Amino acid sequence: MSVKYGILTLLFLQKHHGYELKLELDSLLGIKGKINPGQIYTTLDRLIRDQLVSFVGMDDQERKLYKINTEGKNELENWLLEPVPYHSTKDDFHLKWSCARNICFKQEKKMLDQQKAMIMKDVMELTKLKTEFLLQGDENRYLLITGTLLHLEADLNWINQVENRNRS
């Protein structure tokens with residue numbers, strides 16, 4: 001899970017103060033977890049240092065307000081288009097998709113297509129390996145790969161369902 005990109009997503013939509021970012025990020029994560037407030041401020045410091053975010057003044061309650069810079073928007077959009085390797089798909093891709101939805105990302109279809117392509121590549125490689133293990137009589141590895149392939153199939157089905165809902 002990337003706090004950096006969660007913050008960039010929220011700032012893409014509007015200016016926020018730190019604690020507001022924490023609450024919104026917790027909401028974006030849903031049941032996946034809660035963010036430590038210190039992590040928000042540490043990440044904001046790095047984002048400012050990297051010129052992805054700027055401090056823009058104080059709100060009416062004297063809380064620092066932050067906004068995303070053009071470079072931050074570019075960084076977020078590039079991240080959204082990077083496919084997520086399977087080993088971290090559940091944590092990273094679903095967050096990435098939620099972020100894309102949250103900002104009405106215009107290239108969501110491209111993002112989904114690239115993720116599907118990466119999954120299909122993995123399916124092809126694992127299917128070949130599964131056959132080799134079956135021929136070698138390696139039952140344990142055969143079954144582990146079969147389980148991974150079933151997860152990949154479920155991920156493809158989920159992406160197809162998202163795409164079908166986008167069309168309606």
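Visitor: Which residue stands opposite H17 in β3?

Guide: L65 does. Quick caveat: this is a predicted model, where local features need pLDDT of at least 70, side-chain atom pairs count only at pLDDT 80 or more, and totals for chains, interfaces and linings use all residues. Residues are numbered from 1 along each chain as its sequence is written, and side-chain values use heavy atoms, leaving out hydrogens and water.

Visitor: OK. How many bridges link β1 and β3?

Guide: There are 2, with β1 (residues 16–17) antiparallel to β3 (residues 64–68). Pairing takes at least two DSSP bridges. Strands here are DSSP runs of E, at least two residues, and helices are runs of H or I, at least four, numbered from the N terminus.

Visitor: And what about β2 and β3?

Guide: β2 (residues 53–58) also runs antiparallel to β3, over 5 bridges, and M58 sits opposite K64. β2 and β3 make a hairpin with 5 residues between them. In that turn, E62 has a positive phi of about 65 degrees.

Visitor: Switching to helices: is α1 (3–13) buried or exposed?

Guide: It's largely enclosed by the rest of the structure, because 8 of its 11 residues are buried, meaning under 20% relative accessible area with a 1.4 Å probe, protein chains only. Among them are Y5, G6, T9 and L10.

Visitor: How does α1 sit against α3?

Guide: Their axes (lines fitted to C-alpha atoms over the stretch in contact, angles from 0 to 180 degrees between N-to-C directions) come within 10 Å and cross at roughly 75 degrees. That makes α1 roughly perpendicular to α3, a label for 65 to 115 degrees.

Visitor: Which residues meet there?

Guide: V3, K4, I7, L8 and L11 in α1 meet Q39, I40, T43, L44 and L47 in α3. Contact means heavy atoms within 4.5 Å.

Visitor: What else does L44 touch?

Guide: Leaving aside residues up to four places away in sequence, L44 touches I7, L11, G18, L21, V53 and Y66.

Visitor: Last topic: where is P83?

Guide: P83 is in the loop between α4 and α5.

Visitor: How accessible is P83?

Guide: P83 is partly exposed, at 32% relative accessible area; that class lies between buried and exposed, which is over 50%.

Visitor: What does P83 touch?

Guide: Again setting aside residues up to four places away in sequence, P83 touches Q114, Q115 and M118. The C-alpha atoms of P83 and D113 are 9.0 Å apart, though the two residues are 30 apart along the chain.

Methods. Parallel < 35°, antiparallel > 145°, perpendicular 65-115°, else oblique.
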